[in-house]
Structure formats: structure tokens, C-alpha cells
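Subject: Structure handover

Hello,

Here is the structure for you to look over. My notes follow below it.

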Amino acid sequence: LACNDDNQDAITEAGAIPLLVELLGTSGTAEAKGEAARALRNLACNDDNQDAITEAGAIPLLVELLTSETTDAKENAAGALGSLAANSDNKVAIATAGAIPPLRSLVASG
């Protein structure tokens with residue numbers, strides 16, 4: 001759903017971004033967190049959504065997810081961070097949150 005521009009607008013207007021970010025920080029399963037990261041990854045293709053995702057506190061939670069036990073969660077977190085890094089302010093925040101070492105490990109592991 002979040003891949004379509006019209007759906008992205010509807011999802012954002014419904015207030016889903018803070019809920020998805022909240023899910024990243026819960027004690028839920030790695031699979032649930034990975035799906036939240038996947039949705040945020042898709043929503044982050046929109047510049048306005050990038051700001052909302054960052055303001056909701058997603059960056060440190062996505063960085064934490066880079067060390068998840070599931071490959072899918074790691075890949076979705078990396079993808080979401082990659083989309084958010086299109087904004088230069090977010091690049092600094094991502095690096096400051098400690099993303100570089102786990103991203104390097106993820107790339108090295110193939």
C-alpha cells in the first residue's frame with residue numbers, strides 16, 4: 001500500500017507514521033518491527049514523510065534494528081535509513097545515531 005503516492009498521502013494523513021515508529025520501539029517481534037521498517041522505507045520516498053519520520057524519532061530505532069536477528073528486519077531498516085539519508089540533515093543524524101558500524105557489518109555479511 002505504501003508504494004503508491006496516493007496511498008502514502010492517505011497513510012500519512014491517517015496518522016500512521018508515529019504509530020509505525022512506536023512499533024519499532026516496542027517489545028514486539030523482530031518480524032513486526034521489520035514490517036514497520038518496510039512501511040517506513042516506502043513512506044520515506046516522499047520528502048514530507050521523511051521529515052515526519054525523523055521528527056517521530058525513527059532514526060535511532062531503525063539503527064537499533066540493524067542488529068536484529070532477522071535479515072528482513074535488518075534490510076528494511078537499512079532501506080529506510082537509506083531513503084531518509086536523501087535529506088542532508090538526516091545523514092548527520094544517522095551517523096550520530098551509530099549506524100555506520102552495523103551498516104558496514106551488514107554489507108560485509110552479504
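Helices here are DSSP runs of H or I with at least four residues, strands are E runs of at least two, and both are numbered from the N terminus.

Some ground rules. This is a predicted model: local features need pLDDT of at least 70, side-chain atom pairs count only at pLDDT 80 or more, and totals for chains, interfaces and linings use all residues. Residues are numbered from 1 along each chain as its sequence is written, and side-chain values use heavy atoms, with hydrogens and water left out.

Overall picture
The protein chain has 8 helices and 0 strands. From the N terminus the order reads α-α-α-α-α-α-α-α. The C-alpha atoms fill a box of roughly 35 × 30 × 20 Å along the principal axes. The radius of gyration is 13 Å, which agrees with the value near 13 Å for a compact globule of 110 residues. That radius is taken over C-alpha atoms, and the globule rule is 2.2 Å times the number of residues to the power 0.38.

Of the 110 residues, 38% are buried. Buried means under 20% relative accessible area, exposed over 50%, and partly exposed in between, with a 1.4 Å probe and protein chains only. Take contacts (heavy atoms within 4.5 Å) between residues at least 6 apart in sequence: 65% of them join residues at least 24 apart.

Helix 4
Helix 4 spans residues 47-55, and its buried residues are Asn 49, Gln 50 and Ile 53. Seen down the helix axis, they fall within an arc of 110°, so they line one face. The arc is that of the directions from the axis to the C-beta atoms. Exposed Asp 47, Asp 48 and Glu 55 sit on the face turned away from the buried side. Asn 46 caps the N-terminal end: one of its side-chain oxygens is 2.8 Å from the backbone nitrogen of Asp 48.

Helix 7
Helix 7 covers residues 88-96, and Asn 87 caps its N-terminal end, with a side-chain oxygen 2.8 Å from the backbone nitrogen of Asp 89. Just after helix 7, Gly 98 has a positive phi of about 90°.

Thr 70
Thr 70 is in the loop between helix 5 (58-65) and helix 6 (71-84). Its relative accessibility is 15%, so Thr 70 counts as buried. Beyond neighbours within four places in sequence, Thr 70 contacts Ala 30 and Glu 31.

Best regards

Notes. A polar contact is a pair of N or O atoms within 3.5 Å; within protein, one must be able to donate a hydrogen and the other to accept it, and residues adjacent in sequence count only if both atoms are side-chain atoms.
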